[in-house]
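Biologist: Please take a close look at one part of this model for me. I would like to hear about its aromatic pairs.

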Amino acid sequence: MRLLWFVSFFSVFLTGCSNVLINKMSIDESPSRGITETRVVYYVDSVNGNDNASGTSENQAWKTFKWFAGLTLQPGDRVLLKSGSSWNEPLILNGQGTAEAPIILSSYGIGSLPLIYGTDIKKDVCVTINNPSYWQISNVDLRNAKLGLYLRYIASSGNRDVSVTGCNFRDMPDTVADAGLNNFEFAWSAGICIGGLLGPDENITVLDGLTVKNNSFHNTGVGVISSWYFPGVYKRRLVNVLVENNTADYCYGGGFAFTYATDVVVRNFSITNSGGASHFGTTAGFLQSTDNVLIEYCEMASTKAVDCHDGVGMDFEGNNTNTVFRYNYVHGNDGPGILFCTTEGINQGVTVTGNVIFNNGLNAYNNDYKFEFLNWTERDQNAQITGYNSGTISNNTIMRKWGNGFFSSGTATAGVPFEWNNFTISGNSQSYYWSTPPAKPGMADPVLNSVSWDFAYDGDLLGWNTFNHWDSATVSSDVLWGLASGTDMFAVGPEMRLNAIAADTLEVRMRTTQSNVAQLFFVTESEPYWDGAKSIAFNLIPGNDMKTYTVDLSSLAAWDGIVNTIRLDPSMIEGDTLAIDYIRLY
């Protein structure tokens, strides 16, 4: 982004490097020693609740959020919102948990995710949590506001382990980014915002440990952002964050923006159709003043530039060190696929490897932006060069549009020459892009001989997605719940590479109340499309008890080679309710 962001964003911690997409976030649901007697579960039901009730059982649920504003939650407490409920009011929460007894905000019951929505997209905040530490937020739907979830830190440090999983964020499109309108706590509209005000000591770690996983962002300013105005540069203000298996589309500011952060991992983030609404520099991903960041297996596509600079896939805005950008799929952006700037200093030690970068610069702001890679030099106020970005660009597949360039060359409009001398550039495949998109990177994906999805932890869908005719797709009480809203109910599993010969048995433990038949579909590397030939139906026994179903797949001719994903159609009866304990292939 060619604007100066005097904001600080948040950081990411990788809790494991396994490429198997079935890792689970652990949630300790048992009371901690020493606090059992103080643990409270609060229930809120917008339809049948009563604010004169106790609020501490399902049949004594509160109706609104008014009692939470003056309440300080204790370690182990839970705030549970009734599925199918909706509120047009802000939820403000206070309190800190412990490692043994985190505070939980989630849902209960069957139905669509509980919905909290605002009225004014320029100022409303759906959920605010003040100084959160050891919090787990899951299974909520936040819409029509300036911010969806605001993790608000006021002169606070030493906070630990906040997770946000299985949530939806929609319709937060305000394009006015003025911190002065918000007490200098935040400026950009976003699904998840980490911000607030720093105390006298700016060189502190505000939050250590953040997980943002299995969330979707649609039509928000930015998917995930944090903002402190206007601190000095300190790269450990945010440390240890994992951002994994999220999607963002039509978010004008992109999927993520991190500043002043260390130990950041962004994995498997699909970010498409960013830009468009904003006349600022637009980008799918943004880094500034960070250290030790890994970005992998992400898609950054179709970013628009409306009368503005950039419109890029990935923006290394400046002062980033020890960054690895690998195995990503960057294509169809109005501006360059990769942009290096020098805001707050030069980038050093950036490694760009194993990516597929093609057909960018489709609607470039000017000739400076008609490249797959664009590299600005650091300049002073007199346009004199004061520094050069540096790093390694190797083993990428780069395909340029006819008339555009691979790497910025010549002299920029401002009269400053482009410079790549401080980069080592080698082993890249460079060609023209015509019409057939190259395959996504997959070189680090292992071939599995078995796979299992055990829905054991609240809010963790384990990468399952595209829930069609499937209301209340939530994980709670050790199962994946569902309510059939039509006759074509299905869900799609995460991408994988499964050896079909080694894993020729399907085992599902589940229950349905009405349906007596289910169907499994799958796609393979040799036949990457859904059809009836790559499917098998199996009988069910409807009822209230869990039953285990074992299906032999070895007789299917199409069950061969490498299986890339599966689709489960558990019911074909509208109104059916179901629960799935686990799905296994072995």
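Modeller: Phe373 is buried, and Phe407 is buried too. Buried means under 20% relative accessible area, exposed over 50%, partly exposed in between (1.4 Å probe, protein chains only). This is a predicted model: local features need pLDDT of at least 70, side-chain atom pairs count only at pLDDT 80 or more, and totals for chains, interfaces and linings use all residues. Residues are numbered from 1 along each chain as its sequence is written, and side-chain values use heavy atoms, with hydrogens and water left out.

Now the rings. Rings of Phe, Tyr and Trp (its six-membered ring) pair if their centres lie within 6.5 Å; planes under 30 degrees apart count as stacked, over 60 as edge-to-face and the rest as tilted. The count comes to 34 aromatic pairs. Phe373 and Phe407 are a stacked pair, 4.9 Å centre to centre with 25° between the planes. Phe373 sits in strand 28 (residues 371-375) and Phe407 in strand 33 (residues 405-407), so the pair links distant parts of the chain, 34 residues apart. Strands (E, at least two residues) are DSSP runs, numbered from the N terminus.

Both rings belong to one aromatic cluster, together with Phe316, Phe325, Phe340, Trp420 and Phe423.

Another pair is Phe522 and Trp559. Their centres are 4.8 Å apart and their planes stand at 85°, so this pair is edge-to-face. Phe522 lies in strand 44 (residues 517-524), Trp559 in the loop between strand 46 (547-552) and strand 47 (562-571), so the pair ties together parts 37 residues apart in sequence. Phe522 and Trp559 are buried.

Notes:
Helices (H or I, at least four residues) and strands (E, at least two) are DSSP runs, numbered from the N terminus.
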